[in-house]
Amino acid sequence: MSTANAAKNMFYKITQTRSTIGCHPRIRKNIEALGLKRINQIIYQKVSPSTAHRISAVKELVKIELVDKPKTKEELAAERKFNPGFEIIKGDMLNKVYQ
């Protein structure tokens with residue numbers, strides 16, 4: 001497979017790490033064009049020259065990773081879900097009487 005075909009199947013995972021407060025309007029428009037609205041928001045964009053150009057304009061405000069396929073909103077939510085560190089076991093243990 002050639003690199004051109006491989007790049008078509010790849011995605012940028014873009015995470016906004018810094019705020020656009022005080023930035024030039026051109027930078028704010030590039031962040032909006034990428035689909036970012038708030039800090040720590042994650043979006044996926046196909047690898048393309050136009051996307052790469054937008055990312056280069058805002059590289060100080062975002063974190064970029066190259067991934068094979070984008071995750072759904074449900075998968076992202078499951079990743080962020082807090083693990084309580086314990087689990088509640090229901091069954092016979094609740095009905096035991098100690099003598």
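Author: At 46% relative accessibility, N9 counts as partly exposed, a class lying between buried (under 20% relative accessible area) and exposed (over 50%), with a 1.4 Å probe and protein chains only. This is a predicted model, in which local features need pLDDT of at least 70 and side-chain atom pairs count only at pLDDT 80 or more, while totals for chains, interfaces and linings use all residues. Residues are numbered from 1 along each chain as its sequence is written, and side-chain values use heavy atoms, leaving out hydrogens and water.

Reader: Which pattern does the protein chain follow along the sequence?

Author: The pattern is α-β-α-β-α-β-α, which comes to four helices and three strands. Buried residues make up 23% of the 99 residues.

Reader: How is empty space found, and which residues line the largest pocket?

Author: Rolling a probe the size of a water molecule over the atoms shows where empty space is left. A pocket is an open set of points on a 1 Å grid over the protein atoms alone, where a 1.4 Å probe fits, with protein on both sides within 12 Å along at least five of seven lines; lining residues have an atom within 4 Å of a point. Here the largest pocket is lined by R38, I39, N40, Q41, I42, I43, K73, L76 and R80. The elements giving two or more residues to this lining are β2 (42–46) and α4 (73–80), and α4 gives the most, with three residues.
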